[in-house]
Structures are given as C-alpha cells and as structure tokens.
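Please walk through the model below with the sequence at hand. The paragraphs that follow take it piece by piece.

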Amino acid sequence: MKTRMRLAAALAAASLIALTGCGANPGATGAAGAASDFPKKGKSIDIIVAFGSGGAVDTAARLIQPVLEKELGTNVEVINKPGAGGQIGYTQLTSAKPDGYTIGATGSPSVVVSPLDPSRGAKYTRESFQPLGRQVIDPTVIAVQPDSPYKTIKDLLDAAKANPKSMTASTTGLQTGEHFALAQLQENTGSEFAPVHFSEGASQATTAFLGKHVDVLVANVSDVNDLSKQGKARVLGVMSAERAPSLPDIPTFKESGYDLTAGTARGYSAPAGLPEDVAKKLEAAIQKAIEDPAVVKKMQDLGLQTSYLNGADYKTFWAGQEEDFKEVLPLVQKKD
C-alpha cells in the first residue's frame, strides 16, 4: 500500500513539478552557443522511437521534429524501432555513439523497468541514458467496446471478478505502463482479466481493439481521446488524481471508489556520455520544441497537458520511479 501511495503521489504531483520545472534551465540557451560545430552541416539527427508509428510516443516525437530542425539547423529524422515492449529501440539508442546525432524517446515504466528484471536480458541500465527533458505525463484509462454491456468501471470489475479471465485486456507489451496498471488494478480489486501483450505499442493494441480481438483496451488518454469522440470506444475511468481535461465526463477511478493512479511519463534522452556543450545545445532545443505554443496546442488536442522537466529534473524523476517500480515489479513477473 505504501508503494502504491508513492506511485500515485509521484504522478499526482507531476503537474506541480512541471510548473516549477518549466524554464528551470535559464542558462541552457546561452550555454548552447558553446557547442561549436554541432551539428555539422548536412549531418542529420535521428530520434529513435521504441514503439510503432501512429501511437502517442511516435506522434509526440513527430510534433517536436520540425521545431528541433529549426533550432538545430539540420534534418531530424524519426526512426521507429518497435518490439519487446520498447527494449529493441532502447538497446539501439544506448548502443549509439554519444555524439548527439542519435537521441530517443524514452517512456516509463518501460525504460525504467526493463533493466530491473534479469529475465529481460537488457544490455542497458538507467546510467546508460542521459535524460534531456520530459515532455508529458499521460494517465491510464480503461475502455470497452461501445456496445459493451458494462456502463461503469464497477460493472466491468465486478464481472471480471465473478468470471475470472473471461475477458481479454490489452497492454502495449510486458512490463509497460498498461501492464503495470492492469496488474495493480487486479491486485487491488480481485478482478482477473486475460492480458494480451502487443509489444509494438499502442497503435497495434488499438487496432486489435477496434477489430474486436480484445474486449478491454488498457491505454492512455491520448490513445482514446479520438476514439471516444468518434463513438468507437466507451471510456469507463481515468487513473489520475483529477479528471482529464479532454475527457471531462469520465470519472477518475477514485471517484468510482478505487484509489488507483497510473500513467506513462515520456521524454527524450541520449546515450550517456555526451560532451557537455552538445548536451546543453540538445537540451535547449528540446525545451524550445516541447514548449513551442503550436506543439503545446497539438498536444492538448490529443488530450495531453505538457509537463516539461529539464534534463537534470527528468533524471531525478527517473531515479525516483526506478525505486518505486522495484517494489511493484513482482506484480508483472507473475505468469499470466
């Protein structure tokens, strides 16, 4: 219970942290001028996205891409390397030369947890990454088919408790945010679903849900925002401290009687060991891109509130999450 409260508090406080973090690196822009010849003219920068195209991670990276190009004066390319719940992409990112020409989107808990479980065989640790900036916290939601008989989250959980594993529920891969959320939900309510892990990410899981290959979609606000508006999914609850601005009519889990909070934190990192001047220039450009008014507006349209942290604060946030997830890791190591 203590750990769950810590996880909930960390996510609930994200907006406050973001407010104090915004602009918390005032010297970055000036210091960036010291990055003499980075990036070299004509040499592009790659952003590795460890999940498939069309999902929230990919979309956010593509939103900041043109601003990064403007700020850095060179081509920036988004490269999708999905698989193994993000581990394939994270491996490629941390194996790259730390020269600033390869950065990547990093999302927790997947990037935090994969090196903590020896059975995953990850070739990286938290120290393999150099955090450059956090962009957003995306709360977890539970949705069902629009013609589902379940009208509330209580209806769904009661049915899953009465008939264990009679309903399938999606995740975006083993030990991802959705997997943790589902596991914590089951532990706290006694409900039992049959998890289906889509290791390429939210786009793959959503496609399966729309094809009615899974009964329950465990996703993030950004994944269901349009589906809800289009009547393609019935969202039953949001696992956040407050209602999501883009889904104002959907109750939080706490409002429905379940004190549970879960979500995915996303940002950008480089391989550890960047030269200081290059790191400062990248961090300044990423801050500029994340806080660009047009990008913020497009993120809001996706149902997301920008929650910027600079590289140092993102690193601290990451370390705190690592300690918390170490304690709940056994929940997602059980046989499904």
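**A walk through the predicted model**

Val-328 counts as buried because its relative accessibility is 6%; buried means under 20% relative accessible area, exposed means over 50%, and partly exposed lies in between, with a 1.4 Å probe and protein chains only. Val-328 belongs to helix α13. Helices (H or I, at least four residues) and strands (E, at least two) are DSSP runs, numbered from the N terminus. Val-328 is 148 residues from Phe-180 in sequence, yet the C-alpha atoms of the two are 8.3 Å apart in space.

The model is predicted, so local features need pLDDT of at least 70 and side-chain atom pairs count only at pLDDT 80 or more, while totals for chains, interfaces and linings use all residues. Residues are numbered from 1 along each chain as its sequence is written, and side-chain values use heavy atoms, with hydrogens and water left out.

Side chains of opposite charge can pair when their charged atoms come close. A salt bridge here is a side-chain nitrogen of Lys or Arg within 4 Å of a carboxyl oxygen of Asp or Glu, and by this rule the count comes to 10. One of them joins Glu-322 to Arg-126, with the closest N and O atoms 3.0 Å apart. This pair links distant parts of the chain: Glu-322 sits in helix α13 (residues 311-328), Arg-126 sits in the loop between α6 (110-113) and β4 (129-144), and 196 residues separate them. Glu-322 counts as buried, because its relative accessibility is 9%. Arg-126 and Glu-322 are linked with Glu-127 in a network of salt bridges.

Other salt bridges stay within a single helix. Lys-280 pairs with Glu-276, with 3.0 Å between the closest N and O atoms. Both residues lie in helix α11 (residues 276-290), four residues apart, or about one turn of the helix. Lys-280 is partly exposed because its relative accessibility is 31%, whereas Glu-276, at 56%, counts as exposed. Lys-297 and Asp-301 form another salt bridge, the closest N and O atoms being 3.0 Å apart. Lys-297 and Asp-301 are four residues apart in helix α12 (residues 293-301), so about one helical turn separates them. Lys-297 is partly exposed at 44% relative accessibility, and Asp-301 is partly exposed at 41%.

Now to the strands. Strands β1 (residues 45-49) and β2 (residues 76-80) run parallel and are joined by five bridges; two strands pair if DSSP finds at least two bridges between them. Val-49 has Asn-80 in β2 as its bridge partner. Between β1 and β2 the chain passes through helix α4 (residues 56-72), and this β-α-β crossover is right-handed, a term that applies if, with the strands pointing away from the viewer, the path from the first strand over the helix to the second runs clockwise.

Helix α4 also meets helix α11. Their axes come within 9 Å and cross at roughly 135°; axes are lines fitted to C-alpha atoms, for helices over the stretch in contact, and angles run from 0 to 180 degrees between N-to-C directions. α4 is therefore oblique to α11, since angles under 35 degrees count as roughly parallel, over 145 as roughly antiparallel, 65 to 115 as roughly perpendicular and the rest as oblique.

Gly-231 follows α10 and has a positive phi, near 70°.
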